[in-house]
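This report goes through selected local features of one model. The sequence and structure come first, and the notes follow.

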Amino acid sequence: MRTRLTQRGQIEVAATEVPLASRPAAEVPGHWLLARLGKRVLRPGGLRLTRSLLGDARIAGQHVVEFAPGMGRTATVVLDHGPIDYIGVDADPHAAELINRLVSPKGRAIAAQAAASGLPDHSADVVLAEGVLTIQSETGKQQIVDEGVRLLRPGGRYVLHELALRDDDDGADAAAIRAELAQAMHVHARPKTVAQWQSLLTDAGLRVQTVHTSPLALLEPRRVLADEGFVGALRFARNVLADKPARRRVRAMAKTLRAHKSALQAVGVVAVKAVGPPA
Ligand SMILES: C[S@@+](CC[C@H](N)C(=O)[O-])C[C@H]1O[C@@H](n2cnc3c(N)ncnc32)[C@H](O)[C@@H]1O
């Protein structure tokens, strides 16, 4: 099966083409397991938050770069807005190839680290990154945002969509939450508070324009339906039910997310690069 967008807006990808397809369900990073099972939206605030952010960032007729596009669900929404071009930058070569097939000829994708995309200075009006900063170290987060700022032309917009701690006290509870998320998701999830995410952007020279939050409901049935549509949600449910090790893992992830529902949320920020020299 070739990667393609169906008339119903479904991204069709064979499970064997999803990155790390041969890794056992018990070991694979959570986002790739969910993708293997048919999930296409892999960021905490879902498609609704993405749409709000893309509206704020005004992407029609613009040069758009997306870091870490994953399975390409946001890429398809970006293309619906009619940008001048779209470039996806994903560290995983298989993901980059999937995205390339999905967006070509209107856009393209490259396999590269978001922190070192190799794209020219001031070549983007909008840089998007969803669900990728959370899984980086502190230095990694800064390097990716700095790279985004380098790519943006003055007046360009940086779009962040990540996992946030609700409490402004980034203390012992946060450490316990991070440890439990890492155990369930098999990635180092290091969320920040909303204020800390904003500081990451302002420290890189951006001015925060809009901030949105939404509940963390990635695996809640209502959110899965909203993100994946009826056909996609049904396919995901069927695949989960048919695969015992995957089902066990998805249950464990959902349980961990639910246990920390009151401490975690999704955050979306649009921040602007100054037109003149920094004050
Ligand atoms: C949790 S998924 C998010 C995918 C997508 N943005 C979404 O929200 O549905 C993480 C994605 O980030 C990519 N990724 C992780 N670290 C990266 C890095 N340093 N540079 C570029 N891509 C990265 C992975 O390959 C994967 O596609």
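## Glu 17 and its surroundings

Leaving out neighbours within four places in sequence, Glu 17 is in contact with His 94 and Leu 98, where contact requires C-beta atoms, placed from the backbone, within 7 Å. The model is predicted: local features need pLDDT of at least 70, side-chain atom pairs count only at pLDDT 80 or more, and totals for chains, interfaces and linings use all residues. Residues are numbered from 1 along each chain as its sequence is written.

Glu 17 sits in the loop between strand 2 and helix 1; helices (H or I, at least four residues) and strands (E, at least two) are DSSP runs, numbered from the N terminus. With 18 other C-beta atoms within 10 Å, Glu 17 is partly exposed. A residue is buried if 20 or more other C-beta atoms lie within 10 Å of its own, exposed if 12 or fewer, and partly exposed in between, with C-beta atoms placed from the backbone. Glu 17 and Arg 238 are 221 residues apart in sequence, and their C-alpha atoms are 19 Å apart in space.

## Backbone exceptions

Most residues other than glycine have a negative phi, and most peptide bonds are trans. Leu 20, in the loop between strand 2 (11-12) and helix 1 (30-36), has a positive phi near 60°. Leu 20 is partly exposed, with 16 other C-beta atoms within 10 Å.

His 186 also has a positive phi near 60° and belongs to the loop between helix 6 (172-185) and strand 8 (192-193). Its 19 C-beta neighbours inside 10 Å make His 186 partly exposed. The peptide bond between Ser 104 and Pro 105 is cis, with omega about 10°. Pro 105 is in the loop between helix 4 (93-103) and strand 5 (108-111).

## Helix 7

Val 194, Trp 197, Leu 200 and Leu 201 are buried in helix 7 (residues 194-203). These buried residues fall within an arc of 120° seen down the axis, so they line one face of helix 7; the arc is that of the directions from the helix axis to the C-beta atoms. Thr 202 and Asp 203, on the other side of helix 7, are exposed.

The buried residues of helix 7 pack against helix 5 (138-151), strand 7, strand 8, strand 9 (206-215) and strand 10 (264-273). Just after helix 7, Gly 205 has a positive phi of about 95°.

## Helix 9

Buried residues of helix 9 are Ala 246, Arg 249, Val 250, Met 253 and Leu 257. They cover an arc of only 100° around the axis, which puts them on the same side of helix 9. Lys 244 and Arg 248 are exposed on the other side of helix 9.

## Nonpolar core

The largest nonpolar core has 78 residues, and those with the most contacts inside it are Phe 67, Val 127, Ala 129 and Val 159. Strand 7 (residues 152-165) gives the largest share of this core, 7 residues. A nonpolar core is a set of buried Ala, Val, Leu, Ile, Met, Phe, Trp, Tyr and Cys residues joined through C-beta atoms within 7 Å.

Not counting residues up to four places away in sequence, Phe 67 touches Val 89, Ala 114, Val 127, Leu 128, Ala 129, Val 132, Ile 144 and Gly 148.

Definitions and conventions
Contact = placed C-beta atoms within 7 Å.
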